[in-house]
Amino acid sequence: MEQVIGGLILLPWLMALAVFLIPSHRGRQLVTFLSLPVLTYLACKVWNAELPLFIHTPHWVETAVTVFDYLLLGYFFYQGIKFRSFLVSVLAAAQVFLLTWALMILPESYTAPIYVDRLSAFMYLIVATVGSIICIYATKYMEQENVDRENRFVAILLWFLGVMNFAVSVNNIEWFFALFETTTLASYILIRFRWDDISIRNAIRALWMNQVGGIAILFAILFAVKHHGVYNFTDILAIDKKTLSMIPLGFLAISALVKGAQMPFHRWLLGAMVAPTPVSAILHSATMVKIAPYLILRISPVIKGTLLAKLLITTTGFVFVAAGLLALTQDNFKKILAYSTISLLGLMMLTASMGSPIAVLASLLLILFHAIVKALLFLEAGIMEKLFNAKYVEQMRQLVEKAPITVLFISIGFMSMTIVPFGIFIAKWLTLETASNLLSHGAYIASIILVTVGGVVLTLLYFKVIGVMARKRGEFSHFRLEKLPFIYFFTTTLYVVATMVGSIYIARLSTDFINPVVKDIVGAAAQIKASGLTLYTPFSEIYGWQIIGAIVLLLLVPILAYFIHFRNTDRVYEYTCGENIEMTIGTYDFFCVSKIEPFIETAAVALFIMTLVFGGGLV
Amino acid sequence: MSGTLAIILTILAPVIGGLIYGLERVVRARMQNRQGPPLLQPFYDFLKLMDKRSIIVHSFHAFMGIMYLVGTWFSLYVLLSGGDILIAIFFHVLSLAFLVIGGFSVRSPYSVVGAMRELLHMVAYEPVFVMAAAGLYLVTGTFQISEILKSDAVPIFSLPLVFIAFLLTLPAVLKKSPFDIAEAHQEIIGGPEIEYSGKFYEAVYTAKWIEYVYAFFFVFLFAGGNYLLGALLTVFAFFFVNLVDNATARFTFRQMIAFHWYVLVPLVVINLMLLALWRA
């Protein structure tokens, strides 16, 4: 099994090297295509193995990681000087100082540095499927952008998958720091990929913001060693809850919030939108930001019910609403997607910090479906950009006339985030029911308000966009589907099929696939049952006929709508009270919300500090 | 509630809703010291509309009107079949989806503005609905509507403020004054429904009747297993909504959302917090 896990980590690196070196475009595409079956096979093998696994590594690996750490920080320092970013250099220097300090006081530990449990295996599966498909898509995307640098681009994406696999399987927090910073490096390189001024500026911003997260991890190590003399996840989880110091966990939570682009650190993820679209797709779905809920899930058994968890719930719930509200003001399609990612990441961390089995189940469902759906939406954004020249919502007017498939796919993506019976909705429903259960203890009332309000705000946002796309002039007189390049069609269809199948079989999926993960994280499986398509929870149930009915309504209706023509009816122009008006109608842009943006940011900063100071027990 | 009764009620929902609507017109007229139309007037209108020449903008739009009826009907069945109350609330969004997309799909400013306002309605009332559902759960210990209808506890006694908030949000659900901003007849002449006519308008019109049943059934739930009290509450809610409708002028959408988020939601929260405190 060690070899399989080694393969999951190293194969993407080798493939990246191959893609980098192979001169022919077809050859590179072939290697990238191979990543999907190979990685999926390996991930399935890990999934089916006896877990959890502790893997001891030879001593030289530890030395290598330390050397790598210093090299990486040195590179960051150099980048800071090169691009005259004082902040980056200072933070890198601070990291070097803290890392050296940490290395000096690190006690000898006999715990294995690699720890693979179901949560890691779950992440492997997401990286292997969702991530690889994005890489395949990227080969085509770059063909239309810049073939000369395609090898470099796809290679970094593939390498990123390996880094991500490594990051979710480490136990040693010092190694985790190294990998956390490596993902920072990967995102930095990807964001500045186009090498223009704005890309570099945004890349630098992403760099320093993520470095703050790195510093938080180093503090976590220092405090963990000072209070308990341990620096492995499993050791910290094993400490008795009564004597456990919250300070290291508080710092870890902060680093998760930074990585998850929670306000006020959301700007780096928005800045990442300047990079080619596959970058956004991979950052938002399979890698990078998913470290945030992953980290919270790791520590959720010990922070459950503490002040830290409550403050995390408030902070992330606040972000869930605030990011949704700010998304309303956006005009750029990718930015809308970015804000909604920030918002949903908030929900994932909120459920993860609740820590009850059902909440953790909801969190995992969110991670899974969000990865699939966000990847789908970003790929569609790329397709619209390349084929239909639509980057802004305003340019998508009447897109349904030109590109019915694209519009259908985007609608499915949006619908799945809000409407019954799709996966993300089920997760939200479970969250609401769990939160109401906690209300009887009088503690979590904020969470339910935030979840409901955030939910409707996102619904408003998605419908606003769908509405613009659905507007059309008249009848489909000569109806035809748009021609998509094969790779575009293939990759997006895979995601759509995954969303649909996953949503229909949500009950089975939750009990057979997600629940073992929950059991590994919390120690007890969630009390859910599946029979047929019906999902039973301790509070209530969603019936199979409801799921099927909603799917039929949502899916058949838009398809039928293309083909149904009412005969024997007369066509007229729109009735506008006889007024002579222009027929180009915009959409609401909610400028009123941008007025409260400074307040939102102030509140977010305050919540951040509160989480760290009170939740982490620094007072 | 048994399965057959649920099916019968669902099938009869348009008739019940139509009667409620007819009664409402009579009641409203009496409140304004008018005679008002006969009770069956909505059904006469129905027949008249069926007879009209079919004029549509395009098929997609017309089809969405029909799907609004189907979706609403389906979501009512989800509610009446005794399943999860939250699921029933969210299914209502599904039906709304068709109306909104239909409204957006034509290039008429009134229709588009109306559809947008329809969404703002949802933003306003849905938090209140969901938190009222959470309140019902706190009192009865279940989200299952069939269980709530059997429970011995009478939720309204523990949730008076939630009930008041719910009553005040009903005008927004039923699109009545002061929250009739989505179909504001004087400014956007009917909003999302303006471009429908004939049979297709009929579908939208009937779906609204079904929404009456949908909304008032929630009021009924506040009495738990006590059906007599439930009926009384529903009748009270009916008269109250009409009184408010007659006595108020239209708000702007900002005022509507502010009222819901800053007045009604806190009202619900205070009630839930007191309840949690009482329990602890």
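I take contact to mean heavy atoms within 4.5 Å. Helices (H or I, at least four residues) and strands (E, at least two) are DSSP runs, numbered from the N terminus.

This is a predicted model, in which local features need pLDDT of at least 70, side-chain atom pairs count only at pLDDT 80 or more, and totals for chains, interfaces and linings use all residues. Residues are numbered from 1 along each chain as its sequence is written, chains are lettered from A and ligands numbered from 1 in the order in which they are written, and side-chain values use heavy atoms, with hydrogens and water left out.

Entry 1: I looked up helix 20 (residues 445-470) of chain A against helix 5 (residues 109-140) of chain B; their axes come within 9 Å and cross at roughly 155°. Axes are lines fitted to C-alpha atoms, for helices over the stretch in contact, and angles run from 0 to 180 degrees between N-to-C directions. Helix 20 of chain A and helix 5 of chain B are therefore roughly antiparallel (under 35 degrees is roughly parallel, over 145 roughly antiparallel, 65 to 115 roughly perpendicular, the rest oblique). Among the residues that meet are I448(A), V453(A) and K464(A) from helix 20 of chain A, and M116(B), E126(B) and A134(B) from helix 5 of chain B. By class, I noted 15 nonpolar, two polar and two charged residues in the contact of helix 20 of chain A with helix 5 of chain B. Ala, Val, Leu, Ile, Met, Phe, Trp, Tyr, Cys and Pro count as nonpolar, Asp, Glu, Lys and Arg as charged, and the others, Gly among them, as polar.

**Entry 2: within chain A.** Helix 18 (residues 404-418) of chain A packs on helix 23 (residues 544-563) of chain A at about 160°, with the axes 11 Å apart. Helix 18 of chain A and helix 23 of chain A are therefore roughly antiparallel as well. Their contact includes L408(A) and I412(A) of helix 18 of chain A, and L555(A) and Y562(A) of helix 23 of chain A. Which classes did I find there? The contact of helix 18 of chain A with helix 23 of chain A has nine nonpolar, no polar and no charged residues.

**Entry 3: within chain B.** Helix 10 (residues 198-221) of chain B and helix 11 (residues 227-247) of chain B pack at about 135°, their axes 8 Å apart. Helix 10 of chain B and helix 11 of chain B are therefore oblique to each other. F216(B), V219(B) and F220(B) of helix 10 of chain B meet residues of helix 11 of chain B, including Y227(B) and G230(B).
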